[in-house]
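Subject: Handover of a structure and its findings

Dear colleague,

Please find below the structure that I am handing over to you. I would be grateful if you could read the notes after it with the model open beside you.

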Amino acid sequence: MKGIVFTSFISFLENELGLIETESIIIKADLNSACAYTTVGSYDFKELLHLILLSSQSFKITPKHVSQRFGSYLFTTLTSSSPQYVKNKHSCFELFETINNVIHMEVKSIYPETTPPRVHFKRISSSAATLHYQSHRCLGDVMYGVIEGAGNYFNEKLLIERNRLNKKGSEEVFTVIILQ
Amino acid sequence: MIKMTNSTALAAKLVREQIARKQAETLLEEKSLALFKANQELHNRALELADQNQQLKLKVEELDHTHAELAQSEKMAAIGMLVASVAHEINNPIGFITSNLELLSEYRKHCDGILKLQEEITSRHITSDQTRVELIQRLDNMKKEVDFDYIQDETASLLEDCCLGANRIRNIVTDLMSFTHAKDLDWQLIDVNELLQKTVKLAFNEIKFQTDIRWDLANLDFIYASGGRLGQAFLNLLMNAVHSIEHDGLIILRTRMIEEKGEKSVVIDISDNGHGIPEKDLALIFEPFYTTKKKGKGTGLGLHMVEHVVQDHSGKIEVKSTLDKGTRFRVTLPYKDINRMQLN
């Protein structure tokens with residue numbers, strides 16, 4: 001998994017829990033990488049799962065909710081590091097349309113070894129659409145947060161319904177409705 | 001476990017970031033090296049590509065050369081066909097001229113005897129009337145013997161036929177020259193109808209045994225064209241029509257003027273009732289080296305050359321064909337612009 005997700009998670013912890021708590025979690029996690037992440041590196045996604053699990057105790061919320069909050073935070077990190085993808089977009093649907101065919105395609109051409117999730121967007125009406133998420137990392141909760149983050153970014157109130165297509169959670173369909 | 005304070009947390013973060021920085025530097029070095037190698041490979045590939053490009057250029061030149069050679073051999077094949085046809089056309093008058101000259105030579109021998117006798121009769125040496133009467137008697141007998149009156153009539157007729165035959169040969173040779181002297185420089189105002197008639201005349205020996213020709217010619221304005229090249233194009237179309245016919249053939253040659261959007265054009269239709277062209281081949285017939293003829297019978301450049309010639313005249317060529325019914329080639333040549341260009 002690309003380093004930007006990990007560096008974003010550490011900065012998310014620092015923002016939400018403060019430096020002391022973040023470093024405590026890192027020490028507790030005792031990971032191979034020692035959480036010395038760089039945006040250009042690639043790391044085992046299981047380290048992220050471990051950090052989510054540990055931080056949920058500090059947050060005093062479930063790992064699912066940590067993942068969702070992180071998803072929203074990740075969206076803002078990604079848009080500030082790659083603003084070209086949201087430029088001239090006026091709705092989260094316009095952005096979602098480009099995930100598979102533009103954003104992930106460019107990511108793969110720069111980092112051929114990466115396997116970004118497949119996110120197939122299908123518009124149902126002007127205010128409703130589905131996002132078919134497929135990833136062996138089963139990070140549907142983070143995806144949920146990313147969708148929420150996009151709604152916040154475009155100032156759109158979203159209703160998001162999730163439908164897991166398998167037990168593992170490697171395949172999910174998100175139905176997104178723009179309420180206003 | 002040490003109790004985490006702000007300063008120990010900051011120190012831990014610093015260590016983490018130092019490690020991350022080292023990792024990033026190592027990665028940067030690896031990537032720079034990879035980039036350098038990729039750049040070198042790209043440079044080598046560019047050199048290889050330039051080399052391949054050069055080879056390709058040479059191949060294209062070679063291909064152009066071969067194409068020109070084949071085009072020349074196609075032209076030579078067309079000329080060969082023409083020569084065979086023309087030889088036959090010339091042989092016919094030569095045959096009767098020769099036979100007429102042989103007869104005339106015989107007649108001349110008879111006339112020689114008669115002339116000698118006439119000279120003797122009118123000679124001063126003969127003084128005796130009786131001798132003169134005898135000689136006149138002999139002259140009459142000789143004239144009767146060789147049928148002198150017939151020889152006199154026949155000689156005139158034979159000579160007239162010889163003149164006709166010689167004129168026919170001269171016309172054939174003139175027509176042939178107008179084809180074989182096909183150069184890009186022979187652009188002039190030409191009568192398309194006359195050119196078509198000349199073409200048929202040249203190929204007549206090939207046509208006459210199996211095909212009837214029907215003419216449907218309109219009054220046309222002269223067009224500015226390369227008579228030789230256009231003639232070759234018509235000849236190719238005509239010979240294709242002839243070769244598509246096995247028996248009871250009919251070739252219709254039709255010309256007319258059309259006007260579209262104020263622009264005049266001459267339209268020439270060459271239609272036959274031959275075996276036609278399969279639909280799948282129609283799109284390919286103008287392609288170079290495409291032929292449906294048996295091996296060695298055609299180079300596949302004939303129609304390609306025709307298209308080339310028509311395009312050189314800013315014209316277009318269309319084909320319609322139905323299997324076992326026949327084929328129609330339509331050549332449309334613009335009139336006005338070319339004339340204006342020349343006359344200006």
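The notes below begin with conventions and then describe chain A, the cores and a sheet in chain B.

This is a predicted model, in which local features need pLDDT of at least 70 and side-chain atom pairs count only at pLDDT 80 or more, while totals for chains, interfaces and linings use all residues. Residues are numbered from 1 along each chain as its sequence is written, chains are lettered from A and ligands numbered from 1 in the order in which they are written, and side-chain values use heavy atoms, with hydrogens and water left out.

Chain A as a whole

Chain A contains 7 helices and 4 strands; helices (H or I, at least four residues) and strands (E, at least two) are DSSP runs, numbered from the N terminus. Their order from the N terminus is α-α-α-α-α-α-β-β-α-β-β. The C-alpha trace of chain A spans about 50 × 35 × 30 Å along its principal axes. A compact globule of 180 residues would have a radius of gyration near 16 Å, and the 16 Å of chain A agrees with this. That radius is taken over C-alpha atoms, and the globule rule is 2.2 Å times the number of residues to the power 0.38. Of the 180 residues in chain A, 51% are buried; buried means under 20% relative accessible area, exposed over 50%, and partly exposed in between (1.4 Å probe, protein chains only).

Chain A is divided into domain 1 (3-60) and domain 2 (75-178), with bounds that come from an automatic or database domain assignment. The C-alpha centres of these two domains lie 23 Å apart. In all, 7 residues of domain 1 are in contact with 8 residues of domain 2, where contact means heavy atoms within 4.5 Å.

The nonpolar cores

A nonpolar core is a set of buried Ala, Val, Leu, Ile, Met, Phe, Trp, Tyr and Cys residues joined through side-chain atoms within 4.5 Å. The largest one has 51 residues, and Phe9(A), Leu48(A) and Phe174(A) are among those that touch the most other members. Helix α1 (residues 3-17) of chain A gives the largest share of this core, 7 residues. Both domain 1 and domain 2 of chain A contribute residues, so the core lies between them. Leaving aside residues up to four places away in sequence, Phe9(A) touches Leu48(A), Leu51(A), Ile52(A), Ser55(A), Val66(A) and Phe70(A). Another core, of 37 residues, lies apart from the largest one and includes Ile190(B) and Val266(B).

The sheet in chain B

In chain B, 5 strands form an open sheet of mixed pairing, in the order β2-β4-β5-β7-β6; two strands pair if DSSP finds at least two bridges between them. Strands β2 (211-216) and β6 (316-322) of chain B stand at the edges with a single partner strand each, so one side of each has no neighbour in the sheet. Strands β4 (residues 249-260) and β5 (residues 263-272) of chain B run antiparallel and are joined by 10 bridges. Arg256(B) stands opposite Val267(B) in β5(B). Helix α4 (residues 192-202) of chain B packs on the sheet, touching β2, β4 and β5 of chain B, and its direction makes about 165 degrees with that of β4(B). For such angles, axes are lines fitted to C-alpha atoms, for helices over the stretch in contact, and values run from 0 to 180 degrees between N-to-C directions.

With kind regards
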